[in-house]
Each structure stands twice: as C-alpha cells, then as structure tokens.
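Let's take a walk through this model, pair by pair and helix by helix. Keep the 3D view open as you read.

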Amino acid sequence: MSDIKKPKYEVGQDNVEIFGLDVHNPVFFVSAFVVAAFVLFTLAFQSEAAEWFGALRPWLTSNLDWVFMLAGNVFVLVCLFLILTPLGKVRLGGPDAKPDFSYGGWFAMLFAAGMGIGLMFYGVLEPVYHMENPPLGIDPANQELASRVGIAATIFHWGLHPWAIYAVVALALAFFSYNRGLPLSIRAAFYPLLGKAVFGWFGHLIDILAVFATLFGLATSLGLGAEQAGAGLHYLFGIPVNNFTKIMLILGISAIALTSVVAGLEAGVKRLSEINMVIAFILLAFIIIAGPTAAIMTGIWDNTLAYLEYLPALSNPIGREDESFLHGWTTFYWAWWISWSPFVGMFIARVSRGRTVREFITCVLIIPTLVTIVWMSAFGGTAIDQIVSGGYMGVLKDTVQTWAPELALFKMLDIMPMTEIASFIGIVLVIVFFVTSSDSGSLVIDTITAGGKVDAPVRQRVFWCVIEGLIAIALLLGGGLSSLQAAAIATGFPFAVVLMLMCVSIIKGLAQERKYHVDERGQIVEENA
C-alpha cells in the first residue's frame, strides 16, 4: 500500500527565478541551450545540414523500422487491454472528480491539437499516392483493388495507431498528476518504476528528451503548414513560392499564435480549437455535397471494412516486401506521432480531468479514428473518383507523379464548384490549425520546462512559441521537408523506448489505484469493488 502514497513533492520546488522567469533547473537551461545551438548551426551551415539530414532519414527508417512498428502495435494492444479490463473504471482525479470541459469542447481540442495540419496536407495526396503505388504487393493495374487498399493504408496511418500513442502518454500524465499529485511532466509517469529517482537526473533526462521530441515533431507540422499555405497563396494569388514566403508565413502565424498563448488555455486555445472545428466541418460538408456524394457516403462504410481487413497485414513488421511503403510512409508516421506524443499527450491530459480511463481511451482512440475515416473518404475518395470516373488527372500528374504534395488539395478543388472560395477556406483552415498547434505546443513545452507548473509566467510561453518558429525556419532552410521529417524520426526513436516503458508504468499504477486510492487528505483508502 505504501507504493501509492502521494510523493512528498511540491510542484515547482526545484524551480529557479531568473529575469522574471520561473523555470525548472536544469531542464529549461539544457533544453534552451541545445535548441539554440541547433538553430544557429543549421542556419550557419545550411548545405551541410541539408546533406546530413538527407542521409539521416533513410538510415533511420531502414535500420529501425521494426522498433517503430513493434512500438505502435504495443500501444494499440495496451489501450484495448485498459478498455476491456476493470482498470478502465479508475477515474482521473479521483472517484468524485468532474470533467472540466463539455464533450464538444473536449473533442474540438483533442482533434485540433492531434493532427489538423497533417490531415489537410495528406488528406488528398496520400490515398491517390497509395492507389498509384499500392502496398502489400497489390497490382496497381487492378485500379479498384488498388484504390481500396490505398484508402485503407491512409486510414491505417491516421487511425488507431497514432491515437493509441497519444492516449498512452495522455493517460499516464493525467493519472499521475491528478491521482498522485505529481507534476504534470513526462517524468511523473515513471514514478512506479523509478521511485524518487524521477526527481533527479533520470527525470531531468526524460523531460529534456520530451522537449526535443515535441519541438522537432511540432516543427515538422509547422513546416508542412507553411509549405501548403504558401502553395495555396501562389495558386490563388500568384504569390511566389520561395523560402522568403515560407519564412514570412511562419513568422506571421507564430505572431498570431503569441496572442492566443498570452490569452491562455480557456480564452485562447479552446476558442481557436472550436473555430477550427467549425471551419473544418464547413469544408468537409462542401466536399461531400459538391463532390461524388453517393460514392463518399458508401465509401465511408466500405473504407472502414477495408481498414479492418488490411489492418493485420499493414501492422506486420516482419517479412515485408513493400519496403518503400514501410520505410517511406509508416516508419516516418510512427516516429512523427511518437515525437508529437509529449505535446499532444500533455495537452489532452490537461483537458481530461474527471473522465474514467475507459471513457478517456475510448473517446481518444475511437472518435478521432471515425472522423479520420470520414475525412479520408471525402477528400481522398473525391480525388480518386475524379481519376477513376471522371478522367481528371490533376492530382495524380501534378502532385503525386511530380511530387508536389502541397498542391494536392488545391488540384482536387480545381474542378469543383466555387474553386476559389473553397481553396481560400482551405488556406484559412491550414493557418488556423497552424496557430492552434503552435500555441498549444508552447503551453505544453512551457509546462515541462517549468517543472509541471501550469501557471508559469506568460513570457516563458512566448519564449517557446518563438523557438518553435525558429526551428521550423532553420529546418526549412537546412534541407526543406526532408530535414523536417528526419528531425522528427531522430527524436522519435529514443522516445519510442521511453513510451514502451511508460506502458508498464501506467498499468502498474492503475492496478494499485484499482485496489487502493489516496483521498484528498493523503490517506490510503481500500476500494470495495
């Protein structure tokens, strides 16, 4: 029973105040120094950085693919285990805790933080790409089967696996913070395994690694957003697509994000997330109505079945012959989701007090997966229908075969009614997703580097918001999209190992909580269940 006592630790007890900042020592200083050095090096030696990042990604994906594939499967199985066992009855925050947000606000923040920019960037491109280059040895000449497998493979990359990664991290952070009184920081999730060592250098290293993973995973998304927004502005208004334009976009949108950061979680991030959902729903509804409506509606059910049918084969890490798909897509995605997991996980944890474990995982795992299926069926299904039924090859020839992924959405909209209006809405949605990712990421990184404090000085969040933009700029200049992706994979690999250990820790903690819990006075109470 003594294992579940609340540790004698005050949030922020190791913090130092300097220049008006309230930061954790040494997590803040080591993270800030290393990141600043990285940005300066990349900007000073752009060609060398581009060459190094260009070689890094293929080496990582070729040699470590099995680690990412194994980890992804473990996270899904752990989530299913927690849903189906009595551990799912544990409530985050204690037996009497009430949710802080309504379902509507909660879902909006989950989805906006989780993968908004990515769905805009890949929603049209990826199904068409996989139809043209299908995985699992499918013959592309069999267009009907290839398109079915193509959308199934796309949903695989955006469905249960990534959200299982987020769910594990978010659950661990929420449980050990709300039920055990530990700081809202990655290190807290390892208390059952490391004990008081989480407050020493072991814990410092875990949090520093989480900062790096979050920053570089977020920079990848910000880079994708800048690429797509720039392409859309060129497509609609003829604005040149070059590094200057992308840098101006990153700086401008980061400035907008700063206002949301200053406003805080309730007034800033929550409000922007809800705006996101409204705009996304408008664009989705337009695609369904103006596109091949019947094909989209039947495709939602057919694509769900295809996803479930091919899920075991796509999840298999052994004996694969489709290495280009495995290395070029799945391994990158799993590393990207893992690198994003501290950011998204902590953000979800902050807004999920009062939910039971079963309710929490079911909603975090199932609801976004269903939305993803609808989204991909509408956007990807429309593009495929344009090719197969209408003979329009704009998406295939101008984005897939020439590899201009940032244009895919706009090429799909090109032959639909109200093209300019729909494309403009698409650009606005990318930008708003861009802003919500940046401001919620700043809140999360600030929490980690402030020792778990959620009310640290605003200037600290401003600092990290600026740093995120600088990293995205540095990586764009130092090799473009490939450098962004390589950075995400590099930070995702060590964190994959950390997250698998986290699975052990959360199961152990929940098992203890299921039998005993600590009341508000710090007394151990045995459950009657």
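A salt bridge here is a side-chain nitrogen of Lys or Arg within 4 Å of a carboxyl oxygen of Asp or Glu. Side chains of opposite charge can pair when their charged atoms come close. By that definition, the structure holds eight salt bridges. Before we look at some of them, a word on the ground rules. This is a predicted model, in which local features need pLDDT of at least 70 and side-chain atom pairs count only at pLDDT 80 or more, while totals for chains, interfaces and linings use all residues. Residues are numbered from 1 along each chain as its sequence is written, and side-chain values use heavy atoms, with hydrogens and water left out.

Start with Glu309 and Arg148, whose side chains meet in a salt bridge at 2.9 Å, N to O. This pair links distant parts of the chain: Glu309 sits in helix α12 (residues 293–315) and Arg148 in helix α6 (residues 143–158), 161 residues apart. How buried or exposed are the two partners? A residue is called buried under 20% relative accessible area, exposed over 50%, and partly exposed in between, using a 1.4 Å probe and protein chains only. Glu309 counts as partly exposed at 45% relative accessibility, and Arg148 counts as partly exposed at 29%.

Next, find Lys411 and Asp398, another salt bridge, with the closest N and O atoms 3.3 Å apart. Lys411 belongs to helix α16 (residues 408–413) and Asp398 to helix α15 (residues 394–400), so this pair ties together parts that are 13 residues apart in sequence. Here Lys411 is buried, at a relative accessible area of 15%, while Asp398 is partly exposed at 33%. While you're there, have a look at Trp403, in the loop between α15 and α16. The phi angle of Trp403 is near 50°, a positive value in a residue other than glycine, and Trp403 counts as partly exposed at 41% relative accessibility.

One more salt bridge is worth a click: the side chains of Glu359 and Arg355 meet at 3.3 Å, N to O. Arg355 is buried, with a relative accessible area of 3%.

Leu136 also has a positive phi, near 60°, and is likewise a residue other than glycine. You'll find Leu136 in the loop between α5 (125–132) and α6, where Leu136 counts as partly exposed at 26% relative accessibility.

Now for some helix geometry. Axes are lines fitted to C-alpha atoms, for helices over the stretch in contact, and angles run from 0 to 180 degrees between N-to-C directions. Helix α9 (residues 201–237) and helix α13 (residues 323–350) have axes that come within 7 Å and cross at roughly 120°. That makes α9 oblique to α13; angles under 35 degrees count as roughly parallel, over 145 as roughly antiparallel, 65 to 115 as roughly perpendicular and the rest as oblique. The crossing of α9 and α13 is left-handed, a label used if the near helix is turned anticlockwise from the far one by less than a right angle, with right-handed meaning clockwise.

In the loop between α17 and α18 sits Pro457, partly exposed with a relative accessible area of 25%. Pro457 and Asp446 are 11 residues apart in sequence and 9.3 Å apart in space, C-alpha to C-alpha. Helix α18 also contains Glu468, which counts as buried at 1% relative accessibility. Which residue sits 250 residues from Glu468 along the chain, with the C-alpha atoms separated by 7.4 Å? That residue is Leu218.

Finish on the surface, where Leu193, Leu194, Phe202, Val497, Leu501 and Val504 form a nonpolar patch with about 520 Å² of accessible area together. The elements that give two or more residues to this patch are α8 (191–194) and α19 (481–515), and the largest share, three residues, comes from α19. Patches are made of residues with over 30% relative accessible area and no salt bridge, joining like charges within 9 Å and nonpolar side chains (Val, Leu, Ile, Met, Phe, Trp, Tyr) within 5 Å. The areas come from the Shrake-Rupley method with a 1.4 Å probe, and for residues only the protein chains shown count as cover. Val504 lies in helix α19 and counts as partly exposed at 47% relative accessibility.

How values were computed
Helices (H or I, at least four residues) and strands (E, at least two) are DSSP runs, numbered from the N terminus.
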